[in-house]
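Hi,

Here is the structure I promised to pass on. Have a look at it first, and then read on for what turned up.

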Amino acid sequence: MHLNVAAALILNEAGEVLCVKRGASKFASTAFKWEFPGGKIEADETPAQTVVREVAEELGIAIEAIADGPVVEHTYPEFSITLHSILCVQVDAQQPTLREHTDLIYCAPDQLWSLEFAEADRPFLRFLREKAFGGALKTRVFGRMPHFLDACVSTNDELLRLAEAGAPEGTLVVSEVQSGGKGRLGRSWLSEPGQGLLFSFLVRPALPPEIAATVPLVAGLAVTMALRDLGYAAGLKWPNDVLIDERKVCGILCEAQTSVRGIEGIVIGIGINTGAVPEAVAYRAVSVERVDRLELLAKVLKVFEALHAKWVQQGLKALRAELDACDCKAGKPIMVKLSETPTEGVSRGIRDDGALLLETAEGSVTPIVCGEIVQWD
Ligand code: BTN
């Protein structure tokens, strides 16, 4: 059985979404005429057309025919679902009008979550979004328990709460917007609604604390490699910023869930700029604007899962080749902030225990365990 889904957004003249109508039909194929092994149904409209007809009926608009436009299909074989299209129908305050066919716009599931919807329609949208993500996800563990939120204070806080309640490794929290996004060293993470990929996922490494503490580098590598895979010249800046053209595209904040037994889990919080960046950080931030966020998310998790499998065996040593290939500061002059006064030197790369090797003017090489490479402020 295959579920065909279509939805129509009803907009007012200002283009605001008034409501969402959805239609679904259970047929064996997405063709206009559906054929089953046991028979044939000669349906005279596609699910998308059904939605438009129902909308028109509800609005009291007479329609003669509904064109079957260039339907964009998103097929999720794992879930046996095809999202046909999202049709936008614009209504006039005085007289509802189903506009010309050219007024119908088709939008990918990823674009759905940046639109404003009536409360009653949220479960349906969440369903579509989670199905779209599920279709793209190619991992065994990471991302398999997704929680998609419209808004929250911080995805790290949400996930820490779930972790305390016993959430398994791989649990994922994604939010469209955060009111209190947290950055490293007590800073905040700013992102406009719909302009970033903001998520946190849980690892439960049964490893000594000094090895578990290197997980931010594994996450940084995963984002760098995923972005490179999409064609961006991304590089990792120790300990876990991802840069493109010397500007920050991604920040990572890891927080531990601890108990008397020690580290129970680590929440890996990642913010990737995928649209307009807030003015306050525009001089040092960059964005990957042409990506489908669900695809990027699925890719980061897939790369992370592969790196994680090696890391749990042997720690960072197992990721030497990846670290050397992604470290965009190795061999370059840098300034490192340990306390108030920055120290200058040349980066000699990242050691197997996660320390940054800083060669000073006198020629000595010092391992830096915590701090950061000063880049902008
Ligand atoms: C930094 O560069 O200082 C780290 C920024 C980390 C931001 C992400 S956005 C998703 C997750 N939730 C948070 O509150 N912070 C991280």
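How many nonpolar, polar and charged residues are there in the lining of the largest pocket? Before the answer, one caution: this is a predicted model. The lining has 15 nonpolar residues, 15 polar ones and 10 that are charged.

The largest pocket holds about 750 Å³ of space. Its lining is made up of 40 residues, and those closest to its centre are Arg 184, Arg 187, Lys 248, Arg 284 and Glu 372.

Now for the ligand. The space it takes is the largest pocket. There are 19 residues around the ligand, and the ones that come nearest are Ser 154, Gln 178, Lys 182, Arg 184 and Lys 248.

- Ser 154: an N or O atom in its side chain is 2.8 Å from an oxygen atom of the ligand.
- Lys 182: here a polar backbone atom is 2.7 Å from a ligand oxygen atom.
- Lys 248: an N or O atom in the side chain is 2.5 Å from an oxygen atom of the ligand.

How much of the ligand does the protein cover? On its own the ligand has 410 Å² of accessible area, and the protein covers 98% of that.

As for where the shell around the ligand comes from, α4 (155-164), β9 (196-203), β12 (247-259) and β13 (262-273) each give at least two residues. β12 gives the most, with four residues. By class, the shell has five nonpolar residues, 10 polar and four charged.

Most residues other than glycine have a negative phi, and most peptide bonds are trans. Leu 185 is not a glycine, yet its phi is positive, at about 55°. You'll find Leu 185 in the loop between β8 (171-178) and β9. The other spot is the cis peptide bond that joins Trp 238 and Pro 239, with omega at about 0°. Pro 239 is in the loop between β10 (234-237) and β11 (241-244).

Happy browsing!

Terms used. Residues numbered from 1 in each chain as written. Predicted model: local features only at pLDDT ≥ 70, side-chain atom pairs only at ≥ 80, totals over all residues. Heavy atoms only, no water. Near = heavy atom within 4 Å. Polar contact = N/O pair within 3.5 Å; in protein donor to acceptor, adjacent residues only side chain to side chain. Areas by Shrake-Rupley, 256 points an atom, 1.4 Å probe, with all protein chains shown as cover. 1 Å grid on protein atoms, 1.4 Å probe; cavity = no way out; pocket = protein on both sides within 12 Å on 5 of 7 lines; lining within 4 Å. Sits in = over half its atoms within 2 Å of the grid points. Nonpolar A, V, L, I, M, F, W, Y, C, P; charged D, E, K, R; others polar. Points joined across faces, edges and corners; volume = space filled by probe spheres on them.
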